[in-house]
Each structure stands twice: as structure tokens, then as C-alpha cells.
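Colleague: I would like to go through this model with you, piece by piece. Shall we look at it together?

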Amino acid sequence: MKRYDEKVLNGLIDRYERSSLMRGTNKVNVSISFPINKRTLPEYFDETSNTYVDIHTQLEALEQQGLIVLVWKGGHQGHILEKCLLQPAKLSDIYIRLGRTARTEKETEIRNVIKKFLNEDLEIYGKPLENFCLFLLSRLDRGESIKAYADLDDYSGLRRLLTLIKAILNHWDKPDSFLREFSIETFHDSKLAEPEIVKAAHIIRDFAEKENFKGLEADDLLSEFNIYRNPTQIMMKGSGTIRISSLENMHYTADAKNKRGSVYSADRLEAADDVETVNLKSIPGGIAITNEAVPAASWMEKNRPGVVLTIENLTSYYRFHTAEIHGKPVLCLYLGGYANHIRRDFLHKIFMAFPEAEYLHFGDIDCGGFRIYRHLLESTGIPFRPYLMDLITFQKYEAYGRKLSENDEKALKLMLQDPFYKDSKDLFEAMIKDHRKLEQECIMEI
């Protein structure tokens, strides 16, 4: 026989735990009720069966035990049930009967977990963890759900999440680690960090007071703390001669005639003692170096670029074959969205070598593209200017654009009020008017 009595008791407890009565914040008398209707108890209204008899029997037994009070429609006892009322004095008996732990007890355990992390020493980047813990406590104090972040029935899960956040934040001054190595360092298990690493990274981003974290995807943020799923590859081509003290951590690919994957042999490299040099002009498709090679990289005077161009997306980087911009030779680099600290370090090396060059950034003509441009400018301190991210380019390729979302339009209107974007005012107004945005892959003539 189906236990309708347990269903009703669980429903009453659920309502109680969401009420001001449990918090003790009610200013008037509050009664907790379980309505009997087709949504809550459809079987009761099935005229083809006698299920209502079983329901009456089970619920009347609960009333006899003093756990609930039955309310009958029109006061007609034993006829049609209208609702069941909780008897608060019997709460402990109900919890025992159902084998449930009271929400107040669960919240106490969760609070203890959170407070433990609040009371620990937090290093230089500890503020996001502190802010997050205070946020969870404030929601619990107001009787609001923290389900998006933590399960009240899983104390160990929250403890693991907070441990993961703390470990990420404390990794800012440690050597580079791949994700599985980091997981072993943190949990002595190579796979335990992975299921919640994105959630942890987003919490750090959302609760950080560091402006440069805004908009970062999980992998980009993790790289700020020297944690990587895979090695960062810095792709470059065009003008310039780069020196690498060792080729052990370097690989390079050519893209001649758009035949991806062909590899030039080492006879393209000019060796001098323990230093290897690469003339980028001699490799049409360019090269890629990993993050491990960045500290060993430097630039020579030979083939100095007059323009350094960063490109946001990979397809546009592959398509770009322009030798000169504004009559000056170009060094082109693939940015891959937001520039992580490895790419920023590499850009600083370029800027130190070629401070007189013109620095340009080519990205999507949408909110995200301009946020990435701003992040690049502010996080590097290099005077980048947008390239092909203007009203003329937008109007030329608008037919290939996509519709703005409601959030896009709201963001553009806010950006219009931001002095940083004053030079893009006409472009943003046109985008809002035409309800369009443009991915850089639409721009073919590069």
C-alpha cells in the first residue's frame, strides 16, 4: 500500500522548513498546511478507485497520534478533505518517524564547515573565498537557499569545494601545474578536482574584488594561478626573429598553402652556441611555443615588426596573411580569448623589445570582444588599439551578423555610458539600432 501519510508528512516538513516559523521570524501566528488537491494528491480525486478510503484511513491515524489536524470541506467530517495542518509541538516525533534530519541541524553543520574556512589564514588572494563564505552565511541567516553552491545533505561536498577554492587561490606563487598534478597536490587523487574545478573557478571570478577576473572563463582564470589542463601554446607568425635558449619545450608548425600540419625541419633554425633563433618570415604558417619556453624567449633586432597584432579567434588567425599594416611589417599572435598571464608575460617581452611598434587587437564586434580588448589593454599596460572593430567594418559585414540578445543590448547600453568606450560610441549605437553583432570570422579581407 502506498504511504500517503508519509507523503503528507514530508510535504508538511518541507513547507515548515521554508517558513518563517522555523526561523522564528514570524510576527503573526503561522500555520503550516498541506492542501489536498489534484496537484498535490491526484489519487484522491480518482473516481474510478477507492484510493480515497486508504488516504482517509492513513491521515486519520496521523490525526489520532496528534501529528496533524484534518480540515474537511464545509466541516463535514469524513467527507472531502480540504487540507492537513501541522502540529508544531510534534515536530521532533515527525522527524523521527520519517527518519529525517531537521534542516536546522543540517544548517548548523554547514555553518561549521564554512566558519572553519573563514577562520583559517588566507593568503594574498584569499578574498574571494572569504567573500563566498560570508555570502553563504548571509543566505542561511535570511532563510534563503544555497542549493546552487552546496547541498545541505553533503557536508563533505562543500568542504571539498572550499578546499579546492583555497588551493587554487594559494597556487598563485607556485610553479605551473597541470590539473591532474594539482589535484594530487590538493586531494592526493588525480581526478578528484576535475568535477568541480569549473564551479570553483567561477566562484573565484564572481566573488573576487580583482577587476581583471571579470569575464574570464574557468581555464583562463585557472591559468592566472598557474594551473592548466594542457600547456598554453603561443602561436605567432609574420615579422620578427625570436630566440629560444632551448628547443626542448618548443614545437612549430607550418601552414604553407593552407596545408595544416606540415612541419618544417630544423634547417630553418639558425643556431648560435646554446641559443636557437627562428626567423618567423621563413615559416609562412608561423610557430607555436609552450608556456615553458616563454622565460627562455627573447627577440632580436633582425626583422623588427612595426605592428604587433593580437587576434582573438583561431580561424581568423589562420586566415590572416597580411604582411603590412599602415605600411609597417606585422607580427601577429593568436590570443585565444582573454589573455592569460603567460600570454601577457610574452607580450611584455615583445613590448620591451619593440616599444616603438604600433599595438593593435582584432576581435569580435560584440560585447565580449570589446571586454577582451579592454582586459588586454588594462592587464598588460600596453597601448593596444582596436583593429577592424569599428563602424565602417561593422557596416561592411553587417549582413553576416547575428542578432543581439536581450543581455547583449543591455550590456551595450551600459558600455555606451562608460568613458572607456567613448571612441566606439557610434559603433555601439549602430549595433543597438540594427540589433546586430559581428563575429570576427565574418571579416574575410584580412
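Colleague: In which helix is the place of R103?

Modeller: Keep in mind that this is a predicted model. R103 belongs to a helix that covers residues 103-118. That helix is α5.

Colleague: Is R103 buried or exposed?

Modeller: Leave aside the neighbours within four places in sequence, and R103 is still in contact with E17, M22, R23, Y95, E144 and L152. Its relative accessible area is 17%. Buried means under 20%, so R103 is buried.

Colleague: Which ring does the charged end of K116 sit over?

Modeller: The distance from that charged end to the ring centre is 5.5 Å. The ring is that of F117.

Colleague: How many aromatic pairs does the structure hold, and how is the pair of W299 and F346 classed?

Modeller: The structure holds 19 aromatic pairs. In the pair of W299 and F346, the ring centres are 6.0 Å apart and the planes stand at 55°. Planes under 30 degrees apart would count as stacked and over 60 as edge-to-face, so this pair is tilted.

Colleague: How many residues apart in sequence are the parts that W299 and F346 tie together?

Modeller: W299 lies in strand β12, residues 297-299. F346 lies in helix α12, residues 341-353. W299 is buried at 10% relative accessible area, and F346 is buried at 1%. The pair ties together parts whose separation in sequence is 47 residues.

Colleague: What about Y317 and Y318: how is their ring pair classed?

Modeller: Their ring centres lie 6.0 Å apart. The planes are at 55°, so the pair is tilted.

Colleague: Which relative accessible area does Y317 have, and which does Y318 have?

Modeller: Y317 is buried, at 1%. Y318 is partly exposed, and its value is 25%.

Colleague: How far is K237 from the ring centre of Y317?

Modeller: K237 lies over the face of Y317. Its distance from the ring centre is 4.4 Å.

Colleague: How much space lies in the largest cavity?

Modeller: A search of the whole structure finds one cavity of 30 Å³ or more. The space in the largest cavity is about 50 Å³.

Colleague: Which element gives the largest share of the lining of the largest cavity?

Modeller: The lining is made up of I234, T310, L333, Y334, L335, R343, F346 and L347. By type, six are nonpolar, one is polar and one is charged. β15 (328-334) and α12 each supply at least two residues. The largest share, three residues, comes from α12.

Colleague: What covers the buried residues of α16?

Modeller: Helix α16 spans residues 425-434, and its buried residues are L427, F428, A430, M431 and I432. F428 also belongs to a cluster of ring pairs with F370, Y373, F420 and Y421. The cover of the buried residues includes α13 (367-380), α14 (391-397), α15 (406-416) and β19 (436-437).

Colleague: Which residue just after α16 takes a positive phi?

Modeller: The phi there is about 55°. The residue is H435.

Colleague: Last one: what separates the C-alpha atoms of E181 and Y228?

Modeller: E181 is in helix α8, residues 179-187. At 41% relative accessibility, E181 is partly exposed. Y228 is 47 residues apart from E181 along the chain. Their C-alpha atoms are separated by 9.6 Å.

How values were computed: Residues are numbered from 1 along each chain as its sequence is written. This is a predicted model: local features need pLDDT of at least 70, side-chain atom pairs count only at pLDDT 80 or more; totals for chains, interfaces and linings use all residues. Side-chain values use heavy atoms; hydrogens and water are left out. Rings of Phe, Tyr and Trp (its six-membered ring) pair if their centres lie within 6.5 Å; planes under 30 degrees apart count as stacked, over 60 as edge-to-face and the rest as tilted. Helices (H or I, at least four residues) and strands (E, at least two) are DSSP runs, numbered from the N terminus. Buried means under 20% relative accessible area, exposed over 50%, partly exposed in between (1.4 Å probe, protein chains only). A charge sits over a ring if NZ of Lys or CZ of Arg is within 6 Å of the ring centre and within 35 degrees of the ring normal. On a 1 Å grid over the protein atoms alone, a cavity is a set of points where a 1.4 Å probe fits but cannot get out, and a pocket is an open set with protein on both sides within 12 Å along at least five of seven lines; lining residues have an atom within 4 Å of a point. Grid points are joined across faces, edges and corners, and a volume is the space filled by probe spheres set on the points. Ala, Val, Leu, Ile, Met, Phe, Trp, Tyr, Cys and Pro count as nonpolar, Asp, Glu, Lys and Arg as charged, and the others, Gly among them, as polar. Contact means heavy atoms within 4.5 Å.
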